[in-house]
Amino acid sequence: MKKQLLILIINLIFALACKDNKHMTKTIGIEHPPVAKKVPHKLTIHNDTRIDNYYWLNNREDTEVLDYLNAENEYTKSALQHTEEFQKALFEEMKSRIKEDDTSVPYKLNGYWYITKFETGKDYPIYIRKEENLSAPEEVLFDCNTMAKSHAYFKLGGISISPDNTMAAFSTDIVSRRQYTIQIKNLKTGEVYSDQIKNTTGSITWANDNKSLFYAKKDEVTLRSHKIFKHVLGTDAEDDIEVYHEKDDTFNTFIYKTKSKKYLVIGSSSTLSTEYRVLNADTPNEDFTVFQKRTRDLEYSIAHFGDSFYIITNADDSNNFKVCKTPETHTTKDNWEDIIPHRKNVLVEDIEIFKEYLVVNERENGLNNIRIINWNGLEDYYLPFDNETYNAYLGNNPDFESDTLRYGYNGLANPSSIIDYNFKTKEKEVKKEQEVLGGAFKKENYESKRIWATARDGVKVPISIVYKKGTALDGSSPLLQYAYGSYGSTIDPSFSSIRLSLLDRGFIYAISHVRGGEYLGRDWYENGKLLTKKNTFTDFIDCSKHLISEEYTSKDHLYAYGGSAGGLLMGAIINMNPELYKGILAAVPFVDVVTTMLDESIPLTTGEYDEWGNPNEIEFYNYIKSYSPYDNVEAKQYPNMLVTTGLHDSQVQYWEPAKWVAKLRELKTDSNKLLLYTDMDAGHGGASGRFESLKEVALEYAFLLDLEDIRH
């Protein structure tokens with residue numbers, strides 16, 4: 001109580017000193033944390049009033065807000081100043097493992113081989129192509145290093161080549177708000193046309209006439225993709241024709257062309273429902289027709305081949321999805337015929353269609369399987385994989401006629417490989433294995449495994465683990481525990497050369513496959529969303545307790561990391577069980593859940609109701625409020641924390657972590673580190689350069705290693 005009283009007195013002194021609206025950093029120097037002024041703001045709904053003292057931070061144009069964020073950055077820099085040389089060393093170490101003069105595995109499309117390459121000393125990719133064979137002269141499509149000059153942030157969003165190979169539509173983002181500007185380049189002359197189409201998703205689709213192209217525009221306020229437009233070469237972008245308007249603000253819309261090149265497809269999707277419209281790509285001036293009208297809880301996706309469409313769907317209570325087929329002339333649900341029926345324990349994730357084969361990407365017991373089925377019915381088998389901590393996925397396969405499947409494979413201790421599998425000979429060819437430079441890495445020096453923790457309700461939760469052989473397994477080793485656990489997004493156990501900087505210094509790395517993802521199928525997701533969302537948090541905590549009880553680590557050496565919705569997870573676990581963790585990394589954390597979900601002007605809000613619930617309904621309001629990290633900060637001890645965000649983040653607005661840190665600093669009763677770093681040039685994905693983002697990783701790793709007193 002004495003300590004809490006002392007902190008309250010100190011806070012009062014800080015508040016009085018800040019009375020003139022200047023931040024404490026300007027008054028007492030960066031050796032002390034900034035203290036945000038408190039401006040009580042009432043938020044009332046359902047006869048419940050919340051007081052938000054830091055609501056004023058919700059204005060990125062306000063110089064006082066920018067001053068505060070810069071003050072936090074200066075404080076973070078000051079607090080970690082003794083690690084600056086270590087950060088530089090970590091950055092160079094991580095960068096040195098990455099092959100700078102690297103080239104992607106070529107793929108062939110419509111008579112050209114397409115390649116992405118990086119050159120030594122350059123941060124951005126160069127996109128090239130070669131006509132017909134790989135020995136042909138290279139044609140540079142886009143050199144992003146040149147395009148990125150004079151921009152603090154640069155991202156090439158999408159490249160779409162016209163069917164006759166003479167034009168390239170491309171999109172760029174120079175702010176990091178994911179609002180892309182589309183332009184068109186004449187590949188014969190090299191001229192980039194002057195017309196620009198702003199505020200798009202960045203994806204472009206050509207019709208087969210080589211002059212009509214389609215794109216999705218975003219709502220200026222919410223950034224929801226809500227309209228599909230058609231642009232015709234040689235016309236003013238202001239005259240583009242609106243071909244579809246998605247008026248339901250819980251849906252986003254997009255457009256693509258089928259692999260067969262026969263159909264343009266407009267998709268509309270929400271968390272629980274989808275709907276598609278199709279149009280023959282030879283007749284772009286005609287109207288799109290509905291494939292199967294939207295129905296609550298009906299999800300489906302479509303692919304085309306021959307005279308049929310192939311559908312992945314959860315129709316007829318197929319919770320883990322099934323594969324159906326329907327004639328292209330009769331596309332409604334009553335015509336769908338099962339090809340691969342629903343199976344209770346197998347999740348269908350994706351399909352790839354070839355002239356003679358259907359390839360299915362499935363998941364069973366958390367593990368990826370690639371299934372190969374000959375259309376003639378004579379073959380149906382799986383590619384073999386031999387461990388429990390791997391990730392296999394379908395690669396780029398644009399050619400229907402190919403006898404080769406391209407897929408990717410990696411594991412926690414296995415660098416990524418791109419593999420071509422020949423359907424006829426059954427032979428595999430590794431086209432490329434990720435090089436880990438420096439000579440120190442040998443995969444046999446690392447151990448990976450999967451263990452299972454028992455959650456408080458008896459459910460078994462898998463954990464994928466990797467560490468360097470020889471690491472102590474007696475509770476004395478530091479461990480970084482990671483999870484995401486939302487939107488049905490599965491975090492597969494994938495290789496990271498960057499992570500070696502922790503493993504080689506004695507850290508264990510663990511991925512907790514908590515409910516809210518789809519690692520163990522669709523039910524795994526359904527039991528970690530809406531009114532079961534707290535399972536995500538308690539699963540993570542129960543995994544933490546299991547890792548401690550099995551002596552992989554201890555409370556004095558356990559660290560947790562999550563980003564975006566995984567940052568919400570971080571906020572929840574430290575409110576529930578802060579004593580379990582020595583340190584927390586929270587990247588672009590979604591922590592002000594109630595306020596955000598009540599503000600329909602914020603990007604993503606209305607489309608998220610089926611994930612989190614709509615707090616305009618009292619049942620969801622009360623439930624969300626019971627776990628929302630910002631609303632549940634208390635006067636108690638919290639772990640050491642490093643929180644990162646981006647000023648231009650369109651997914652999780654910067655003010656959520658900024659407010660959270662301000663409130664934590666006001667109430668917490670410990671002397672542990674609490675640091676906020678805001679990238680003033682970037683958004684949700686961080687810095688845009690190939691290596692620039694490693695500087696933030698170096699900051700995070702230095703923070704962890706410093707807490708472990710490892711400084712070399």
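Which salt bridge do the side chains of Arg371 and Asp380 form, and at what N to O distance? The side chains of these two residues meet in a salt bridge at 2.7 Å, N to O, where a salt bridge is a side-chain nitrogen of Lys or Arg within 4 Å of a carboxyl oxygen of Asp or Glu. Arg371 is buried, with a relative accessible area of 13%, whereas Asp380 is partly exposed at 44%. Here buried means under 20% relative accessible area, exposed means over 50%, and partly exposed lies in between (1.4 Å probe, protein chains only).

The model is predicted, and local features need pLDDT of at least 70, side-chain atom pairs count only at pLDDT 80 or more, and totals for chains, interfaces and linings use all residues. Residues are numbered from 1 along each chain as its sequence is written, and side-chain values use heavy atoms, with hydrogens and water left out.

## Salt bridges

The structure holds 54 salt bridges. One network, joined by salt bridges that share partners, comprises Glu299, Glu518, Arg522, Glu526 and Lys529.

| Pair | N to O distance |
|---|---|
| Arg371 and Asp380 | 2.7 Å |
| Glu275 and Arg277 | 2.7 Å |
| Lys322 and Asp338 | 3.1 Å |

Helices (H or I, at least four residues) and strands (E, at least two) are DSSP runs, numbered from the N terminus. Lys322 is buried at a relative accessible area of 5%, while Asp338 counts as partly exposed at 37%.

In the pair of Glu275 and Arg277, both residues are buried. Arg277 also has a counterpart in Phe288: the C-alpha atoms of the two, 11 residues apart along the chain, are separated by 5.6 Å. Phe288 is found in the loop between β16 (274–280) and β17 (289–292) and is buried, with a relative accessible area of 15%. Leaving aside neighbours within four places in sequence, Phe288 is in contact (heavy atoms within 4.5 Å) with residues including Phe214, Ile255, Leu264, Arg277 and Val278.

Side chains of opposite charge can pair when their charged atoms come close. For the charge assignment, Lys and Arg count as positive and Asp and Glu as negative; His and the chain ends are not counted.

Asp240 is placed in the loop between β12 (225–232) and β13 (241–245). This residue is buried yet has no salt bridge, and the nearest side chain of opposite charge, Lys217, is 7.3 Å away. Asp240 does make polar contacts through its side chain: one with the side chain of Tyr215 at 2.6 Å, and another with that of His231 at 2.7 Å. A polar contact is a pair of N or O atoms within 3.5 Å; within protein, one must be able to donate a hydrogen and the other to accept it, and residues adjacent in sequence count only if both atoms are side-chain atoms. Beyond four places in sequence, Asp240 touches Ile197, Tyr215, Phe229, Lys230, His231, Val232 and Thr235.

Glu700 is found in helix α14 (residues 693–707). Glu700 is likewise buried and has no salt bridge; the nearest side chain of opposite charge, Arg499, is 11 Å away. Residues up to four places away in sequence aside, Glu700 touches Tyr561, Leu585, Leu642 and Thr644.

A nonpolar core is a set of buried Ala, Val, Leu, Ile, Met, Phe, Trp, Tyr and Cys residues joined through side-chain atoms within 4.5 Å. Of the 127 residues in the largest such core, Leu405, Ile573 and Trp660 touch the most other members. The largest share of this core, 10 residues, comes from α14. Ile573 touches Phe537, Phe540, Ile541, Ala560, Pro578, Tyr581 and Ile584, not counting residues up to four places away in sequence.

Trp660 is one of the buried residues of α13, a helix in which 12 of 13 residues are buried. At 1.5 Å a residue, the 13 residues of α13 (residues 655–667) should span 18 Å, and the end C-alpha atoms are 18 Å apart, which agrees. The expected span is 1.5 Å times one less than the number of residues.

## Positive phi values

Asp317 has a phi near 60°, a positive value in a residue other than glycine. Asp317 lies in the loop between β19 (308–313) and β20 and counts as exposed at 77% relative accessibility.
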